[in-house]
Amino acid sequence: MTSRAPDPAARGDHAEAFRDRFLETLLAPDTRAAWHVVEQARAAGMTPAQIYVSVLAPAMEAIGVLWERAQIGVAQEHLATQITQTLLARLAPELGDGRVAAGPMRLALVGGTPGELHALGARMVADFLESGGWDVLMLGPDTPADEIVATAAAHRPEVVALSTALPSNLLPAARVFGALRRLDPPPLLVAGGRAYDGRPQRALTAGADLFATDPVALLDDLRARLG
């Protein structure tokens with residue numbers, strides 16, 4: 001934790017202000033300044049989980065929008081992603097909420113749908129699942145549908161969570177969910193990502209059982225569904 005006092009204007013749970021500051025550091029790009037924003041948010045009382053969900057994730061969504069509108073280039077988007085991944089690695093060990101269940105570890109398979117090159121959302125979900133006591137097989141981005149299904153068939157995860165950021169990848173997502181549902185028994189299928197525009201019904205139409213609005217809500221949903 002930094003010894004510097006937080007900016008008085010940033011005291012309290014002003015997640016939007018921290019998000020905007022973090023976005024500025026990503027666009028700079030400046031890794032040290034980005035971590036300083038995280039330190040300020042923590043000094044203001046935000047937990048690592050809140051920083052993940054309310055600062056880092058929306059800032060990266062904004063980066064994605066800027067890239068889609070050709071307001072930033074691929075290199076700038078990649079730099080922003082790498083900075084955020086570095087910070088996630090530093091925060092991940094502190095995500096645990098104390099509600100890890102006793103007993104055997106459950107297994108989840110996490111990745112991006114076919115054609116999906118954005119990996120950060122899936123990484124966040126994997127971090128939260130691990131903090132909640134799950135074993136996670138992380139496939140990463142753009143895994144072919146047959147490889148996703150083959151991995152699920154071989155390892156029998158209880159949950160398969162797939163992220164889709166671009167609307168153009170929703171049809172491949174629906175195809176892989178359909179193939180996973182034909183496994184016997186099928187895993188619980190979770191969809192997440194900006195492509196669903198925050199609408200659970202769109203994810204259910206694609207073939208998922210659950211829509212992950214954010215990783216915290218997903219853990220609560222899994223506890224409710226699976227015990």
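**A side chain and its surroundings**

Guide: Leaving aside neighbours within four places in sequence, Trp35 is in contact (heavy atoms within 4.5 Å) with Leu87, Arg90 and Leu91. This is a predicted model, where local features need pLDDT of at least 70 and side-chain atom pairs count only at pLDDT 80 or more, while totals for chains, interfaces and linings use all residues. Residues are numbered from 1 along each chain as its sequence is written, and side-chain values use heavy atoms, with hydrogens and water left out.

Trp35 belongs to helix 2, residues 31–43. Helices (H or I, at least four residues) and strands (E, at least two) are DSSP runs, numbered from the N terminus. The relative accessibility of Trp35 is 13%, so Trp35 counts as buried; buried means under 20% relative accessible area, exposed means over 50%, and partly exposed is in between, with a 1.4 Å probe and protein chains only. One of its contacts has a particular placement: Arg90 lies over the face of Trp35, 3.8 Å from the ring centre. The rule for a charge over a ring is that NZ of Lys or CZ of Arg is within 6 Å of the ring centre and within 35 degrees of the ring normal.

The loop between helix 1 (15–27) and helix 2 holds Pro29. The peptide bond leading from Ala28 to Pro29 is cis, with omega near -20°.

The contacts of Trp35 include Leu87 and Leu91, and both names return where helix 3 meets helix 4. The axes of helix 3 and helix 4 (residues 74–91) come within 10 Å and cross at roughly 170°. Such axes are lines fitted to C-alpha atoms, for helices over the stretch in contact, and angles run from 0 to 180 degrees between N-to-C directions. Helix 3 and helix 4 are therefore roughly antiparallel: angles over 145 degrees count as roughly antiparallel, under 35 as roughly parallel, 65 to 115 as roughly perpendicular and the rest as oblique. From helix 3, the residues that meet helix 4 include Tyr52, Leu56 and Trp67. From helix 4, those that meet helix 3 include Val74, Thr84, Leu87, Leu88 and Leu91. The loop between helix 3 and helix 4 contains Ala70. Ala70 has a positive phi of about 60° although it is not a glycine, and with 66% relative accessibility it counts as exposed.

Leu56 deserves a separate mention. Not counting residues up to four places away in sequence, Leu56 touches Phe22, Val38, Ile51, Thr84, Leu87, Leu88, Leu91 and Met124. The largest nonpolar core has 49 residues, and Phe22, Leu56 and Leu129 are those with the most contacts inside it. Helix 3 gives the most to this core, 10 residues. A nonpolar core is a set of buried Ala, Val, Leu, Ile, Met, Phe, Trp, Tyr and Cys residues joined through side-chain atoms within 4.5 Å. There is also a second, separate core of 21 residues, including Ile148, Leu183, Ala195 and Ala203.

Next come the ring pairs. A pair of aromatic rings is described by the distance of the centres and the angle of the planes. Rings of Phe, Tyr and Trp (its six-membered ring) pair if their centres lie within 6.5 Å; planes under 30 degrees apart count as stacked, over 60 as edge-to-face and the rest as tilted. A search of the whole structure finds two aromatic pairs. Tyr52 and Phe128 have ring centres 5.2 Å apart and planes at 85°, so this pair is edge-to-face. Tyr52 lies in helix 3 (residues 48–68) and Phe128 in helix 5 (residues 120–131), so the pair ties together parts 76 residues apart in sequence. Both Tyr52 and Phe128 are buried. Tyr196 and Phe211 form an edge-to-face pair, with 5.7 Å from centre to centre and 65° between the planes. This pair links distant parts of the chain, 15 residues apart: Tyr196 is in the loop between strand 4 (188–192) and helix 8 (200–206), and Phe211 is in strand 5 (residues 210–211). Tyr196 counts as buried, at 0% relative accessibility, and Phe211 counts as buried at 11%.
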